[in-house]
Amino acid sequence: MLKDGEILLLQNLRFHPGETSNDEEFAKFLASLADIYVFEAFGTAHRKHASVVSLPKFLPSMIGFLTEKEINTINGLIEQAKKPFLFILGGKKISDKIRVFERLLDKAQIICIGGAMACTFFKALGYQVGKSFYEEDSLDVARAIMKKAEQRGCKLLLPQDVMVAKTISDNTETKYVSREEIPEDYQVVDIGPKTFEIYKKEINSANTILWNGPMGIYEIPKFSWGSKSIALTIGMSKAIKICGGGDTAEVLNSSNLISHFDHISTGGGAFLKFLEGSSLPALEAIS
């Protein structure tokens, strides 16, 4: 029995098979430890796990202040964004963010693309991408996104130049090339300086900026210039600026720019699900 002022911290619940299988008996056991349930783990709100969707059945339940702030901030951003609204999207896969594209093509005036997903767009345009990762199954999706952006009057910007590397290591050979001239034995690891200048102009003209996903393989210092330059430019801009996703937050943290952003979401997958307008199991369970 806990005494007043004491806290019991449970080890990561996902180590227990009952958590990930959404076992109600496990949820009942967790409920036996408490009198009230407060959901404050927004980053897990999209998971159908026992402590997220079953536990609220057995205790008086509510969302916490941090989760409430996440919901209100993201909803407010999407529905009442001051124009021009700029969406900067990086990361690896288009397929993970199709519904985000669908929703934000109607909301944003400009979308700037970076990260490995840019290579899928390059390939869809007929360019060679060397040894770079791209999604063969998403080429038609990329073409459809570009067509919809044009139809809806949303400016969709792709990198004009990129940094390419022989291997994914900090001591590898690198160079900047245009997107039309990616060598067959290299792979794209970052945006280039011409692209940064184009994106910088859009950042400085925007009144609302939403950023999700780094511009390259930021974990390797040699490939982090684009992501950190974008982070600094956004941080210094006059716009309302919101960042979502663990990788993006890590770029800000490593650049000491956390305090320059209006809101940094604690969710990765949950942030994207909420952005695309999907319901979140944790919030439905408490409702």
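Residues count as buried under 20% relative accessible area, as exposed over 50% and as partly exposed in between (1.4 Å probe, protein chains only). The model is predicted: local features need pLDDT of at least 70 and side-chain atom pairs pLDDT 80 or more, whereas totals for chains, interfaces and linings use all residues. Numbering starts from 1 along each chain as its sequence is written, and side-chain values use heavy atoms, without hydrogens and water.

**View A. Glu102, Asp106, Lys148 and Arg152 are linked in a network of salt bridges (a side-chain nitrogen of Lys or Arg within 4 Å of a carboxyl oxygen of Asp or Glu).** Glu102 is partly exposed at 30% relative accessibility. The closest N and O atoms of Lys148 and Glu102 are 2.5 Å apart. Lys148 belongs to helix H7 (residues 139-152) and Glu102 to helix H5 (residues 98-104), so this pair ties together parts 46 residues apart in sequence. Helices are DSSP runs (H or I, at least four residues), and strands are runs of E (at least two), numbered from the N terminus.

**View B. Arg152 forms a salt bridge with Asp106 (3.3 Å, N to O).** Arg152 lies in helix H7 and Asp106 in the loop between H5 and strand S4 (110-113). Asp106 is exposed, with a relative accessible area of 54%, while Arg152 is partly exposed at 34%.

**View C. Helix H8 (residues 193-205) meets helix H9 (residues 225-236) in contacts (heavy atoms within 4.5 Å).** Among the residues involved are Phe196 and Tyr199 in H8, and Trp225 and Ile230 in H9. The contact residues comprise 7 nonpolar, 3 polar and 1 charged.

Technical notes
Axes fitted to C-alpha atoms, helices over the stretch in contact; angles between N-to-C directions. Nonpolar A, V, L, I, M, F, W, Y, C, P; charged D, E, K, R; others polar.
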